[in-house]
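Visitor: Could you take me through the charged side chains here, with a close look at one part? I would like to know which partners they meet and how open they are.

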Amino acid sequence: MSAKVYDGKGRFRGKIISFRCSEEENALLNAAVKLSGLTKQDYIINKVTNREVVVQPNTRVYKALKDKLGEVLAELKRIENGGKVDGDLIDLIGLINTTLDGINGGD
């Protein structure tokens, strides 16, 4: 039998939890994970247990912010040409705002 692998705090994580979500929910979750700089597992555990997600600014987080802001810009250009604003765009903008606010220390 394989040796048990422990996380950084000495915990053995042997339980597997899975759930279903829509494509839109999955995209929003993946965006939130990228913007947090955490692993998906750590992000979900923090959110489910009502712990604060602390963004550690690093190059991956800045790249994710740049990419997501590019997506927002493309959507805003589409809207400018007569498209409709959808809730996912509003959620993404809120997530970017929260991330930037956390990086700047909540000023």
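Guide: Let's start with Lys68, which counts as buried at 13% relative accessibility (buried means under 20% relative accessible area, exposed over 50%, and partly exposed in between, with a 1.4 Å probe and protein chains only). Please keep in mind that this is a predicted model, where local features need pLDDT of at least 70, side-chain atom pairs count only at pLDDT 80 or more, and totals for chains, interfaces and linings use all residues. Residues are numbered from 1 along each chain as its sequence is written, and side-chain values use heavy atoms, leaving out hydrogens and water.

Lys68 meets Glu71 in a salt bridge, 3.2 Å from N to O (a side-chain nitrogen of Lys or Arg within 4 Å of a carboxyl oxygen of Asp or Glu). About one helical turn separates Lys68 and Glu71, because they are three residues apart in helix H3 (helices are DSSP runs of H or I, at least four residues, numbered from the N terminus). Glu71, at 40% relative accessibility, is partly exposed.

Helix H3, residues 59-80, also holds Asp67 and Lys63, which are four residues apart and so separated by about one helical turn. Their side chains form a salt bridge too, at 3.0 Å from N to O. Asp67 is partly exposed, with a relative accessible area of 35%.

The structure holds three salt bridges. One of them joins Arg13 to Asp42, with the closest N and O atoms 3.3 Å apart. This pair links distant parts of the chain, 29 residues apart: Arg13 lies in the segment before helix H1 (23-36), and Asp42 in helix H2 (residues 40-48). Arg13 is partly exposed at 33% relative accessibility, and Asp42 is partly exposed at 28%.

Note on methods
Helices (H or I, at least four residues) and strands (E, at least two) are DSSP runs, numbered from the N terminus.
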